[in-house]
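Subject: Two-chain model for you to look at

Hello,

Here is the structure I promised. Please open it first, then read my notes below.

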Amino acid sequence: MEILVCIKQVPDDSVNIKMNPATNAPDLDIATPIVNAFDTYALEMATRLKEAIGDSTITVVSVGPDKAKDAIKTCLAVGASKGYVVKADATDTISTADALAKAVAKIEEAEGVKFDIIFCGKESTDCASGQVGTMLAEDLDVPVVTNLVDIEKIDAGISAKQETEEGYNIIEVAMPCVVTVTKPEYEPRYPTIKSKMAARKIPIGELEIGDVVAPAVTVVANAEPPKKAAGVKINEETLEESMAMALGMMRDAKVL
Amino acid sequence: MGCKNVMVYVETAESKPVNVGLEMLTAAKEVAEKVTAVVIGAADAAATAIAYGADDAITVDAAEYNTEAYAAIVVELVKKYAPEMLFVGATPNGKDLGARVAAKLKAGCVTDVIGMKEADGKIVLTAPLYGGTIYSDVTVEGTVVAIIRGGAFKKAEEPDTAKEGTITAETVEIADLRAKIVNSVQEISESVNLEEAEIIVAGGRGVGSAENYELVKELASLLGGVVGATRPVIEEGWVSRAHQVGQSGKIVAPKLYIACGISGAAQHISGITGSDYIVAINKDEDAPIFEISNIGIVGNCVDALKIMIEEVKKMQA
């Protein structure tokens, strides 16, 4: 089976991004670029599927700048065996999905394959729009199942376990299809020294896809959220004293 | 007015509009001359939508929620009625639906809209980026699909049940569905209404164990509040994910939010900034949660919970 995993390089989401006053833009230099967490779950799920059914290839693609190759390298050490970076003037979800759809066609042509399943993270941790997987499916005119926590190959295609608010749905869909992945019960695997060495030897393809559709969404301004007025911090000798003071203030504020 | 007409998809649960469905009507009225509500598979909810601010409503008969089917319906309605903007609530289903409709219409789509204003005759939408550490203002070319975050706007305080509006029933043919739901399993049976809670007592990893988490539940129950939790707590399995507060859980706006052993990751904070009064207990005096708290208590949250439970019991005695 041919599996494609779409990934995005994002700033480490454990770092709080701030505005850079000099450029009046978010200061992304303070956060290490990493593979979007939901994409790492997608790759892990794809890798487990490959291990379960055998005889499959996982290709990773990313729309991004040159340095997105680092993110692809990371993926090549934990399950993927081919990687492509796509340069495109894609600044919103529509144009990104269009770039990916065009990249899919290019990769299929170059490799002489047809992808059976395309995995995406359910959203990126930086923009969190959760739109690209669905839009890609629409552009490719294939079905999509979102928010997967598990996947299984069945005769008719795939059986997907979709997380819902109250539990889960089991959804069956024919291939080819797009799936988006949320946090499953397992963690993504770590690379080994050996797998990292092997990944380093794999060349990463660069794709030229020509023009993509014009973005519809334009950022006009960025700002840090308005700060809440700082409150009182209580740190008395004993916790009992601190709590007595806090409870008094809560009563005065009529919240208790 | 920034635009002539807005269509609002009012999601329903057990045939009643969900909160964000009604909240969006308030936002829509502020920017549009005409607000049309759409309800699918729950015709009775149309009157509620009108009472909460819609000028008129469209009902479509359909089976239970299925993104493919509901998106097809909304796409047809957008094509027929040509609204300048479509509002969809940022629930898990709403996010799916909004993205699917935008994909079909090739429309610009903004997720988690928390603010809206007019500038130079254009509607500017605000949405959080980077886990809520940056707010981004955007404009959209062409038809706008705005997926609006719950709690960002207030629903009308009193529904105007005397208000009149036209309710039109539409029929939309649905093609065969490509993704088939073969089984729907309900694992979480408790109903957890964090969005409407006036008091929330929430715990983070600092609570330490499932056993200690019982204290969070006890205090919430004593105060008539709802139990909240951070993502690590859900992953530990101390409470079900129905309790998760934050970017990937529920966005809340209670009168009182008590945060126990929560250090305050941006993704959690972005879900609680709408709270009127925040009390945080954390042993780390530099915990970021203190920066947004009205009262920050430095200390062991488990002991603090015990003290607070005793005090509340005394007050109620």
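How many bridges join strand β14 of chain B to β16(B), and in which sense do the two strands run? Five bridges join β14 (residues 199–203) of chain B to β16(B), and the two run parallel.

Some ground rules. This is a predicted model: local features need pLDDT of at least 70, side-chain atom pairs count only at pLDDT 80 or more, and totals for chains, interfaces and linings use all residues. Residues are numbered from 1 along each chain as its sequence is written, while chains are lettered from A and ligands numbered from 1 in the order in which they are written.

**Strand β16 of chain B**

Strands and helices here are DSSP runs, numbered from the N terminus (strands: E, at least two residues; helices: H or I, at least four). Two strands pair if DSSP finds at least two bridges between them.

β16 spans residues 256–260 of chain B, and five of its five residues are buried, so the strand is largely enclosed by the rest of the structure. Buried means 20 or more other C-beta atoms within 10 Å of the residue's own; exposed means 12 or fewer, and partly exposed is in between, with C-beta atoms placed from the backbone. B:Leu256, B:Ile258 and B:Cys260 point one way from β16(B). B:Tyr257 and B:Ala259 point the other way.

**Chain B overall**

Chain B has eight helices and 18 strands. A compact globule of 317 residues would have a radius of gyration near 20 Å; chain B has 21 Å, which agrees. That radius is taken over C-alpha atoms, and the globule rule is 2.2 Å times the number of residues to the power 0.38. The C-alpha trace spans about 60 × 50 × 40 Å along its principal axes. Buried residues make up 56% of the chain's 317 residues.

Domain bounds come from an automatic or database domain assignment. For chain B, the assignment gives domain 1 (3–170) and domain 2 (199–316). Their C-alpha centres lie 32 Å apart. Seven residues of domain 1 of chain B are in contact (C-beta atoms, placed from the backbone, within 7 Å) with nine residues of domain 2 of chain B. On the domain 1 side of that contact, one residue is nonpolar, five are polar and one is charged.

Chain A is divided into domain 1 (2–208) and domain 2 (226–256). Their centres, over C-alpha atoms, are 46 Å apart.

An open, mixed sheet of 10 strands runs in the order β13(A)-β7(A)-β6(A)-β1(A)-β8(A)-β12(A)-β9(A)-β10(A)-β11(A)-β13(B). β13 (204–208) of chain A and β13 (179–186) of chain B stand at the edges with a single partner strand each, so one side of each has no neighbour in the sheet. β1 (residues 2–6) and β6 (residues 57–63) of chain A run parallel, joined by five bridges. A:Glu2 has A:Thr57 as its bridge partner in β6(A).

**Where the chains meet**

The contact takes 65 residues from chain B and 61 residues from chain A. On the chain B side, the elements giving two or more residues include α4 (92–105), β7 (108–113) and α8 (301–316). By class, that side has 31 nonpolar, 18 polar and 16 charged residues. Nonpolar covers Ala, Val, Leu, Ile, Met, Phe, Trp, Tyr, Cys and Pro; charged covers Asp, Glu, Lys and Arg; the others, Gly among them, are polar.

β15 (residues 232–234) of chain A and β18(B) pair in the parallel sense over three bridges. A:Ile234 stands opposite B:Ile297 in that pairing.

Finally, B:Gly108, in strand β7 of chain B. B:Gly108 counts as buried because it has 23 C-beta neighbours inside 10 Å. Among the residues it touches are A:Asp92, A:Ile94, A:Ala216 and A:Val217, along with B:Val140 and B:Val144. B:Gly108 and B:Ala146 are 38 residues apart in sequence and 8.5 Å apart in space, C-alpha to C-alpha.

Best wishes

Technical notes:
Two residues are in contact if their C-beta atoms, placed from the backbone, lie within 7 Å. Lists of a residue's contacts leave out its neighbours within four places in sequence.
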